[in-house]
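Colleague: Could we go through how some helices and aromatic rings pack in this model, one question at a time?

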Amino acid sequence: MASIELDNLSLVPPKPQNTTPYLGLVCITFSKEVRFRTITRTRYLQLSEGQRASTLRELYRDNLQRLDGALTFCQKHDIRLYRMSSALFPMSDLEDEVGANILEEMSADLAKIGQRAEKLGIRMVLHPDQYVVLSSDSSQVVATSIKILERHARTMDLLGLPCSPYSAMNIHGGKSQRPEQLIKVILELPENIKSRLTLENDEYAYSASEILEVCQRAGVPMVFDAHHHICHENLDSYDDASVAEMFYAAQQTWANPEWQMVHISNGEEAFKDRKHSDLITVMPSVYYKAPWIEVEAKHKEEAITHLRSWWLINNNFSWK
C-alpha cells in the first residue's frame, strides 16, 4: 500500500477513538488555551533565598492549574495522550533544592492531577530536553543528565503516574558512536527512571537500527520516529520497506505492545526537510496499526483534528 496523502479537508467531528490510533498533543496548543509560565536561570539566581521560594511556589501552583487546564482541553477534544512540558516546574533540579522542596510540599495537589488524568483515561508522558545526554564522554554531563531525569521521575511519582513506559520519559541517544556507554548508564539508573525510560531514533547520531539494538540490550522500549528515519537514511517514501520493518521491530521492545508509542512529523518545505510542517499530510501506512501516535506538527491540535477528519471520511480502512 502506498503512503496516504491527506488533502485539505474541512474539519468534521472525529471518528470514535477506539477504532483509530490515539493521537497525542505535544505540550501546548496552537491556540493560546494551553500555555505555561517559566523563569530564566539568570533571573532566578538574582533573587534572594526567600524570594526564590515565594516566586517558585506561585509559579508552580499556576503551572499546576494550567496542567489541569491541559487535561480539560484534552477531555473536551477527546485526546487521550498528552506530552507534558519538560519545563513545567523550572529550577526544580537545582542544587539549592528550593524547587524540589516546594514540589514535595505540593504533593497532594500533584497527586490530584494524576488521579484526574487516570479517571479521564489520559496517558501522560514526558520528553526531557536536549541537555540529557547519557552517552556523553563527560562524567559531569552524565551526572547532570541523571539528576534531570531523577527530578522528572520524582515529579511523575508525585503525580502518581505509573512506574512503567505507559508514563514514558522519552530521550534521544545523545553522543554518537557510544552505545556501550549509553547501555551501561541505562542499566545503572534508579528503577523509577529506568522503568519509565524510552529511547527514540534521531536524524543524526543514532539510526533506528542502532537505537533498536541499544533498547534490546538495555531492556527499554523504543519510540520509532518515521520522519527521523527517512531523514537519516535519505529515503523518498514513508513506505520504504525499512519503515514497516523498524515499526514492528520497535513494537517488540514493548513488553505490552498496546503501549507502543510512535512519532509522526512531516517536512516543512520538502519531504526530507527536518523542520516540522504545520499539519500532517502524509504518513506511513503501517502507522494505522500504531496504538499511540504523538503528533509533532506546528499546528498541534489542528493537526490532530485534520488527521481525524481524514480518517472519518476515508472510513473504508480498518484502523486496528
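Colleague: Which residues of helix H3 (residues 98-105) are buried, and which helices do the buried residues of H3 pack against?
Modeller: This is a predicted model, and in it the buried residues of helix H3 are Val98, Gly99, Ala100, Ile102 and Leu103. Those buried residues pack against helix H1 (41-45), helix H2 (49-76), helix H4 (107-120) and helix H5 (139-159).

Colleague: Are helix H8 (residues 208-218) and helix H10 (residues 241-251) roughly parallel or roughly antiparallel?
Modeller: The axes of H8 and H10 come within 11 Å and cross at roughly 10°. Because angles under 35 degrees count as roughly parallel, H8 is, relative to H10, roughly parallel.

Colleague: Which residues of H8 and H10 make the contact?
Modeller: H8 passes H10 in a left-handed crossing, and by class the contact has five nonpolar, one polar and no charged residues. The contact is made by Ala208, Ser209 and Leu212 of H8 and, on the side of H10, by Met246, Ala249 and Ala250.

Colleague: Is Trp292 buried or exposed?
Modeller: Trp292 belongs to one aromatic cluster with Tyr22, Tyr166 and Trp259. Because its relative accessibility is 5%, Trp292 counts as buried.

Conventions. Residues are numbered from 1 along each chain as its sequence is written. This is a predicted model: local features need pLDDT of at least 70, side-chain atom pairs count only at pLDDT 80 or more; totals for chains, interfaces and linings use all residues. Side-chain values use heavy atoms; hydrogens and water are left out. Axes are lines fitted to C-alpha atoms, for helices over the stretch in contact, and angles run from 0 to 180 degrees between N-to-C directions. Helices (H or I, at least four residues) and strands (E, at least two) are DSSP runs, numbered from the N terminus. Angles under 35 degrees count as roughly parallel, over 145 as roughly antiparallel, 65 to 115 as roughly perpendicular and the rest as oblique. A crossing is left-handed if the near helix is turned anticlockwise from the far one by less than a right angle, and right-handed if clockwise. Contact means heavy atoms within 4.5 Å. Ala, Val, Leu, Ile, Met, Phe, Trp, Tyr, Cys and Pro count as nonpolar, Asp, Glu, Lys and Arg as charged, and the others, Gly among them, as polar. Buried means under 20% relative accessible area, exposed over 50%, partly exposed in between (1.4 Å probe, protein chains only). Rings of Phe, Tyr and Trp (its six-membered ring) pair if their centres lie within 6.5 Å; planes under 30 degrees apart count as stacked, over 60 as edge-to-face and the rest as tilted.
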